[in-house]
Amino acid sequence: MTYQAGVTIAIPNWNHEFLLPRSISSALQAVALLRAEGIRGEVVVIDDHSRDGSLALLRKLEALHYADGLRVVAFGVNGGLVASRNQGLLNGRFPYITFLDADNELIPENLLCFVRTLQQTNAAAAYGNLLIRSVSSPCAHNVISNESMQAKIFKGNYIDAFAVFDRLQILDVGGYQFDEHIQEDHELWMHLAANGRRIVFVPVVLGYYYLLPNSMCQVDDKSKPVGQSRVDRVFNQLRIRPSMEMNTQHLRYHPEIGYL
Amino acid sequence: MKVISMWEHQSRRRVVILIPGTVNYFYNQTGERLAAALQALGMDTEVCTLANCPDHDFDYGFISNISEVLLAFGDEAAGLAKLRELRRRCGHVASCAIDCVQTRWYHRVHDLSTRCEADCILDLGLHDQSHFLDPWSRTPALYRFVFSGLTPEEKRALDGRRWNDAERSIPWAFIGHNTPYRVALVDHLIQTVSPQGFVYVPTLAPYTDKGSPHLNQRQFETVLRHTRYQIWCSHHAHFYMEPERFRASLLTGGVPIRIVDSRNDIPKSVPFPYLMMEAQDAGERLTSKVFSRVRGKFQNDWRALPTLAQELGRVLDLPSFVSRETLARAG
């Protein structure tokens, strides 16, 4: 596989047939804008054995937009979100990768800001504000991923996986890991932070996070008490993590300004 | 009875300015600005926390947000006792506020200022809020509006500055703790002005100089130097012109834009009415084409307004600040 500079936008999909056009459209617009800046890009949809009409739709969209950079990878059996994201990491053609959930939407004009941040900082990941919209509201009403990395990440996750990563650094640390008690994106953030990788907050809106009835952050996490024990056992066994300064503490960066 | 201005005799008045020290940095900053302005009036100033306040007498005492001074002190009752004791060692004490008078934060400042027997509350703002005061608190001797003009150093910095707008590549910045209304406004700005705005909306927390999720003053100014329009709305429902934000944009060469619910909310007598607008007008008005012109007008209009030293001199000459001894001598 040829290694070229650029960005892969990976969209894991499982039965989001009606929402795929929005996420894919925003991703293709982002790729077009990157190409205008001389940065290559692609959109890879990883279909995790959907049973609704997703795959049929995806094949049609791929035929229409292959030249625009759209590819589809389809699993023969359901592997789960971790497997989908890791497949995105392995299948990406370019050094940087953005994970965009199929029910969310990228702001195409702003992806370049995050790419430039990674280029300039050599960080493992760059994330930015995600405005939360609900199905019934005409505008955003809340925000996540809106603060820099701090020790409180080991108490609860406030950063979504919808971010831009240095693909090779993520593969180097082992990619996403399935854990019965810890959500995979939270696990990766803690893993990166604990291993001294730099994670940079970019004060720009990266995209929209749509709250749907079955959105993962709306699901009542009955395993939470067990999850925190698991987090403590893996990452904070002596309960000293909050008093240890991380290599990635409060890293805030804007490519037009530098570090703040 | 002739009121003698204190400038007419003894030139070196001794002033103590109490700051929180911790909690929110901008009240420390306010204290430093007061000190600079009072020094320009020929006074000797000491800036300190309540815990470190010297034991000797002063002619004037200023408290830069009594609520936060007491919070930083750690014991409200003991702190108030210490302030009353300071009041006995000072000729006059002014409690200073940078708050909308219709909010609970100002009501608390008023309550604490009364309990510590302050002579007045100085509202360091951009517009006189006396007509917004609750009737129960409308005690003329207590509220005083002081236009929060520039210190000598700020004035020199502004007069000597030539702006390099080539660095100003960020179309707008929205900085402040998040609320549902603010998030909706950010969404609107992304859709109508530009998606490439600088957005910094952490969860509410103290604005400390280090270690806070919020930006400190240096970081805030760094962002504004790269930004054309600083846009914000208050985190409460009342009209208020946040002086720190207007001044920060002035001194970094940007344009402050205060979003209001309705233009009818803007009192007729306030400065810079053209810098306040409804959200629906932002897309049409906040363009790069008009930026330099609007900035020029803003800076010229501010230069025509009094400095902080001039305003403090005006307020401190009022009868309520003249000591009984001075009045007695004046006969």
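In chain B, strand 7 and strand 8 pair in the parallel sense over 3 bridges, where two strands pair if DSSP finds at least two bridges between them. This is a predicted model, in which local features need pLDDT of at least 70, side-chain atom pairs count only at pLDDT 80 or more, and totals for chains, interfaces and linings use all residues. Residues are numbered from 1 along each chain as its sequence is written, while chains are lettered from A and ligands numbered from 1 in the order in which they are written. Helices (H or I, at least four residues) and strands (E, at least two) are DSSP runs, numbered from the N terminus.

**Sheet with strand 7 and strand 8**

- Within strand 8 of chain B, B:Phe198 is the bridge partner of B:Ala173.
- Helix 6 of chain B packs on the sheet and touches strand 7, strand 8, strand 9 and strand 10 of chain B; its direction makes about 175° with that of strand 7 of chain B. Contact here requires C-beta atoms, placed from the backbone, within 7 Å. Axes are lines fitted to C-alpha atoms, for helices over the stretch in contact, and angles run from 0 to 180 degrees between N-to-C directions.
- The open sheet of chain B has 5 strands in the order 8-7-9-10-11, with parallel pairing.
- Strand 8 and strand 11 (276–278) of chain B are its edge strands, each pairing on one side only.

**Strand 9 and its partners**

- Of the 6 residues in strand 9 (residues 227–232) of chain B, 5 are buried, that is, with 20 or more other C-beta atoms within 10 Å of their own, C-beta atoms being placed from the backbone (exposed: 12 or fewer; partly exposed: in between).
- Strand 7 (residues 170–175) of chain B pairs in parallel with strand 9 of chain B over 4 bridges, and B:Ala173 has B:Gln230 as its bridge partner in strand 9 of chain B.
- Strand 10 (residues 255–260) of chain B is also joined to strand 9 of chain B by 4 bridges, running parallel; B:Gln230 stands opposite B:Pro256 there.

**Sheet of 6 strands**

- A further open sheet of chain B has 6 strands in the order 2-1-3-4-5-6, with parallel pairing.
- Strand 2 (44–48) and strand 6 (143–147) of chain B stand at the edges, each with a single partner strand, so one side of each is left without a neighbour in the sheet.
- The twist averages 25° from one strand to the next.
- Strand 4 (residues 90–97) and strand 5 (residues 120–125) of chain B run parallel and are joined by 4 bridges; B:Ala97 stands opposite B:Asp123 in strand 5 of chain B.

**Domains of chain B**

- Domain 1 (6–149 + 306–326) and domain 2 (157–303) come from the domain assignment of chain B, which is automatic or taken from a database.
- Their centres, taken over C-alpha atoms, are separated by 28 Å.
- The contact takes 15 residues from domain 1 and 18 residues from domain 2 of chain B.
- Helix 1 of chain B gives the most to the side of domain 1 that touches domain 2, with 3 residues.

**Contact with chain A**

- Chain B supplies 24 residues to the contact and chain A supplies 20 residues.
- Helix 6 (180–192), strand 8 (198–200) and helix 7 (217–225) of chain B each give two or more residues to the side that touches chain A.
- Helix 6 of chain B gives the most to that side, with 7 residues.

Definitions and conventions: Two residues are in contact if their C-beta atoms, placed from the backbone, lie within 7 Å.
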